[in-house]
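Thanks, everyone; I would like to take a few minutes to walk through one protein model. Please have the sequence and the structure in view while I talk.

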Amino acid sequence: YKEDIIWDMYGLRNVFSHGDREKYIAEVNSLAFEELNTILKNIENPPIAGDVFKKEMFTATLNDDVYPVLKTMKENIYTHVPIFDSEHKFVGILNESTVLNWLVANLVDGKANFSKKQLKDFDRSFLHTDENRCEFVAKDYDIFSVQQMFDQHMFSGKRLGCIIITETGNRDEEPLGIVTAWDLPEIRKHL
């Protein structure tokens, strides 16, 4: 919506600058200026990731059983779950790609048994793949820079699975929020 206003204003500017104003029925009203002012304020003082994306997060530890974690992911439509060790050090991300890679590597006679496995049984390389990149940012990181991180990864041919928000951006801090590609439309609301 706001992007449409910018393009409309751009078109009107061209008409007013390069044409005979008397021939056109369009004019800029106060609503357009209010919207432009809102957009400018958000550009000058962008909302911060810690405010926009702060949420209760589901995390898991290496000692958690795989099946209940997968069940929670399915029931709540969680696409990325941070995994920590017993000292709360970040180990990696569990997502669809992680599970698929593990499943393919552990099929025996067409079957895999999750019921007695713990997350520590996953090959750690599955938690850190090119399809499973994870970055960390401080809670005061602006949301437009978050968008830019996703864009930079995409343009370089790499997939950024998620960005985890912590107090200072340290990977071993308590996660305060998470941003995945599914959350990116929320950033556009702030334009």
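Let me begin with His-80, which lies in strand E2, residues 80-84, where strands (E, at least two residues) and helices (H or I, at least four) are DSSP runs numbered from the N terminus. Residues are numbered from 1 along each chain as its sequence is written, and side-chain values use heavy atoms, with hydrogens and water left out.

The mean pLDDT, which is the predictor's confidence in each residue from 0 to 100, is 85 for the protein, and 84% of its residues reach 70 or more. Confidence is lowest in helix H1, residues 2-18, at a mean of 67, and highest in strand E1, residues 60-61, at 96. Where pLDDT is low, the predicted coordinates should not be read in detail.

Back to the histidine: is His-80 buried or exposed? His-80 is buried, because its relative accessible area is 9%, and buried here means under 20%, exposed over 50% and partly exposed in between, with a 1.4 Å probe and protein chains only. Its side chain makes a polar contact with the side chain of Thr-79 at 2.8 Å; such a contact is a pair of N or O atoms within 3.5 Å, one able to donate a hydrogen and the other to accept it, and residues adjacent in sequence count only if both atoms are side-chain atoms. A polar atom of the His-80 side chain also lies 3.3 Å from the backbone oxygen of Gly-161. Leaving aside residues up to four places away in sequence, His-80 touches, among others, Leu-94, Asn-132, Arg-159 and Cys-162, contact meaning heavy atoms within 4.5 Å.

Leu-94 brings us to the largest nonpolar core, which has 16 residues, and in which Ile-83, Leu-94 and Leu-119 have the most contacts. Helix H4 (66-76), E2, strand E3 (90-95) and helix H5 (96-105) each supply at least two residues of this core, with the largest share, four residues, coming from H4. A nonpolar core is a set of buried Ala, Val, Leu, Ile, Met, Phe, Trp, Tyr and Cys residues joined through side-chain atoms within 4.5 Å.

Finally, in helix H2, residues 30-44, the buried residues are Ala-32, Glu-35, Ile-39 and Asn-42.

How values were computed. This is a predicted model: local features need pLDDT of at least 70, side-chain atom pairs count only at pLDDT 80 or more; totals for chains, interfaces and linings use all residues. The expected span of a helix is 1.5 Å times one less than its number of residues.
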